[in-house]
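Here are my notes on this one, as promised.

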Amino acid sequence: MKLLSSVAALLLAPLAVTATPASFFGSGQDVIVQEYPVHGDNPLEFCTEPSSNLLDIKSVDLAPNPPKPGQKLKIKAEGTLHERVEKGAYVLLEVKYGLITLLRQRPDLCDQIVNVNLECPLEEGPLVLTREVDLPAQIPPGKYTVHADVYDKNDKRITCLDAKNIQF
């Protein structure tokens with residue numbers, strides 16, 4: 001019995017450190033999780049309410065959705081940029097495979113957008129992106145999560161996007 005109570009204490013200890021009485025017994029209030037989906041045929045959501053972002057994304061369409069290994073992925077995105085974006089803008093990028101972080105980096109935005117036929121500076125106004133990407137056939141099956149938080153050179157948020165539980 002002493003062994004069983006010791007094991008139970010070890011298993012419940014992490015909960016006790018972070019738990020409040022409301023987390024065990026309920027607070028009497030409903031928890032509302034706010035979601036901000038990106039319009040179009042895609043698995044994207046804005047990380048937070050997007051009205052203060054420098055980029056107003058109108059829609060993003062992926063074909064096929066969800067993407068399939070070994071196939072072309074067609075991307076069409078439309079939006080409006082509210083301020084000019086210059087060299088020094090960056091992306092905080094994280095890719096996870098299940099709970100495992102595969103990639104965490106901070107690439108320069110202007111170095112990356114040449115891959116979608118754009119270049120810096122990006123001028124204020126409408127933006128349209130159309131691109132086809134060949135996806136490798138060797139993508140391991142499983143669930144992937146992508147988080148991209150994009151900032152200009154003055155640390156003003158351009159946009160922040162999450163793609164959760166993309167199934168390959």
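**Notes on the model**

1. Let's begin with Tyr97, which is partly exposed at a relative accessible area of 29%. The cut-offs here are under 20% relative accessible area for buried, over 50% for exposed and partly exposed in between, with a 1.4 Å probe and protein chains only. Tyr144 comes out buried, at 9% relative accessibility.

2. Before going further, the ground rules. This is a predicted model, where local features need pLDDT of at least 70 and side-chain atom pairs count only at pLDDT 80 or more, while totals for chains, interfaces and linings use all residues. Residues are numbered from 1 along each chain as its sequence is written, and side-chain values use heavy atoms, with hydrogens and water left out.

3. Now the overall picture. The protein has 3 helices and 9 strands, taken as DSSP runs numbered from the N terminus (helices are H or I with at least four residues, strands are E with at least two). Along the sequence the pattern reads α-α-β-β-β-β-β-β-α-β-β-β. Of the 168 residues, 27% are buried. The accessible surface is about 11,400 Å², and carbon and sulfur atoms account for 58% of that; these areas come from the Shrake-Rupley method with a 1.4 Å probe, and for residues only the protein chains shown count as cover.

4. How does the chain contact itself over sequence distance? Among contacts between residues at least 6 apart in sequence, 57% join residues at least 24 apart. A contact here means heavy atoms within 4.5 Å.

5. Next, the sheet. 6 strands make an open sheet in the order β1-β2-β9-β8-β5-β6, with antiparallel pairing. The edge strands are β1 (36-37) and β6, each pairing on one side only. Pairing requires at least two bridges found by DSSP between the strands. As a reminder, strands of a sheet pair through backbone hydrogen bonds, either parallel or antiparallel.

6. Which strands flank β5 (residues 90-97)? On one side, 8 bridges join β5 to the antiparallel strand β8 (residues 143-151). Leu92 faces Asp149 in β8, and Val91 stands opposite Val150. There are also 5 bridges from β5 to β6 (residues 100-105), again antiparallel, with Leu93 partnered by Gln105. β5 and β6 form a hairpin with 2 residues between them, and Gly98 in the turn has a positive phi of about 65 degrees.

7. Follow Val150 across to the next strand. In β9, its bridge partner is Thr159. β8 and β9 (residues 157-167) run antiparallel and are joined by 8 bridges. Their hairpin has 5 residues between the strands, and Asp155 takes a positive phi near 65 degrees.

8. Pro37 stands opposite Glu45 in β2.

9. Back to the rings: the structure holds 3 aromatic pairs. The rings of Tyr90 and Tyr151 have centres 5.5 Å apart and planes at 25 degrees, so this pair is stacked. Rings of Phe, Tyr and Trp (its six-membered ring) pair if their centres lie within 6.5 Å; planes under 30 degrees apart count as stacked, over 60 as edge-to-face and the rest as tilted. Tyr90 is in β5 and Tyr151 in β8, so the pair ties together parts 61 residues apart in sequence. Tyr90 is buried at 10% relative accessibility, and Tyr151 is buried at 15%.

10. The rings of Tyr97 and Tyr144 have centres 5.0 Å apart and planes at 55 degrees, so that pair is tilted. This pair links distant parts of the chain, with Tyr97 in β5 and Tyr144 in β8, 47 residues apart. Ring pairs link Tyr97, Tyr144 and Phe168 into a cluster.

11. What lies over the face of Tyr90? Arg106 does, at 3.7 Å from the ring centre. The criterion is NZ of Lys or CZ of Arg within 6 Å of the ring centre and within 35 degrees of the ring normal.

12. Last, Lys76 in strand β4 (residues 72-81). Lys76 is partly exposed at 39% relative accessibility. Leaving aside neighbours within four places in sequence, Lys76 is in contact with Ser59, Val60, Asp61, Leu129 and Thr130. The C-alpha atoms of Lys76 and Asp61 are separated by 5.2 Å, and the two residues are 15 apart along the chain.
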